[in-house]
Amino acid sequence: MTTLNRAQQLKHSVQEFTRRDEVFSFLKPERHPLIDTRHNVLLYVEGVNKSFDGFKAINDLNLYIKEGELRCIIGPNGAGKTTMMDIITGKTKPDTGQVWLGSNINLLGMNESEIANAGVGRKFQKPTVIECLSVWQNLELAMSGVRSVWGTYTAKLSGEQKDKLESVLELIHLKNHAALHAGNLSHGQKQWLEIGMLLMQNPKLLLVDEPVAGMTHQEMDRTSELLNSLAGKHSVVVVEHDMDFVRSIASHVTVLHQGHVLAEGTMDQVQAHPEVKQVYLGE
């Protein structure tokens, strides 16, 4: 394939990539503002309400995520988990309430791109990678930001950038697949690659939606290892239905029901909660 054809293919892929509804606004140059976490809380969601045509999807939601915490959010379908993430990332505006990153950044006054640039990354349930590019090129594109297609294709990485990229490859278990086209990865590997693309922007907060759906048991174990390794360096919020997986990663679990927090605590505590048994665990 000639260089010109390769650039044309890349241009088409990037255009298709950014046309999707779930636009990856994290593909921007990194410029995070200073986040005030003096109280050890990274995310404040307070008194948030959201209705759609009379249906109350979020009902007086209060949620606090500590700096460096790995939190799991569980709940039945319709509990408000997706709407909550949409509000945090600016895709949906609440009717009332407040959402702050640290104690100084009002996320409700920002659009999706500004929120992403402030340090909030979101991984959707379905992995979205550029399948005709290699694993390395996907990570490089995420780090560089979409400026011009030709510039991205011809840019040279600095030694520091290469080190960062290689460290992310190691972390997401794809070091031996760097040259492989993303389209040839397994479903689980695509999930890891997408997490890696988020990590190239050094987000303070990662929202991860059902990361192990469709994975093999081995892939689930590696995903558990990956998410646990991120805690401390990042705050990670995982929305998941697989209870065995949640138990493997979570020290703190929040149960949502009808748009508000029904229970919080360890996995053992929430599983023993009478209302959780009734509305979520079917007991």
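Reader: In which sense do β6 and strand β7 pair?
Author: In this predicted model, β6 and β7 (residues 205-209) pair in the parallel sense, over 4 bridges.

Reader: And what is the bridge partner of valine 120 in β7?
Author: The partner is leucine 205.

Reader: Which residues lie on each side of strand β6?
Author: Val120 and Arg122 are on one side of β6 (residues 120-123), and Gly121 and Lys123 are on the other. All of these are buried, and both faces of the strand are covered.

Reader: Changing topic: how many salt bridges does the structure hold?
Author: There are 10 salt bridges. One of them joins the side chains of lysine 50 and aspartate 95, at 3.7 Å from N to O. Lysine 50 belongs to strand β1 (residues 41-52) and aspartate 95 to the loop between α2 and β4, so the pair ties together parts that are 45 residues apart in sequence.

Reader: Is lysine 50 buried or exposed?
Author: Lysine 50 is buried, at a relative accessible area of 13%, whereas aspartate 95 is partly exposed, at 45%.

Reader: What about arginine 71; with which residue does it form a salt bridge?
Author: Its partner is glutamate 264, and the closest N and O atoms are 3.2 Å apart. Arginine 71 is in strand β3 and glutamate 264 in strand β10, 193 residues apart. Glu69 is linked with both of them in a network of salt bridges.

Reader: Finally, where is threonine 223?
Author: Threonine 223 is in helix α8 (residues 217-230). This residue is buried, with a relative accessible area of 0%. A polar atom of its side chain lies 2.8 Å from the backbone oxygen of glutamate 219.

Technical notes
Residues numbered from 1 in each chain as written. Predicted model: local features only at pLDDT ≥ 70, side-chain atom pairs only at ≥ 80, totals over all residues. Heavy atoms only, no water. Helix = DSSP H or I, 4+ residues; strand = E, 2+ residues; numbered from the N terminus. Buried < 20%, exposed > 50% of the residue type's maximum accessible area, 1.4 Å probe, protein only. Polar contact = N/O pair within 3.5 Å; in protein donor to acceptor, adjacent residues only side chain to side chain. Pairing = 2+ DSSP bridges. Salt bridge = Lys/Arg side-chain N within 4 Å of Asp/Glu carboxyl O.
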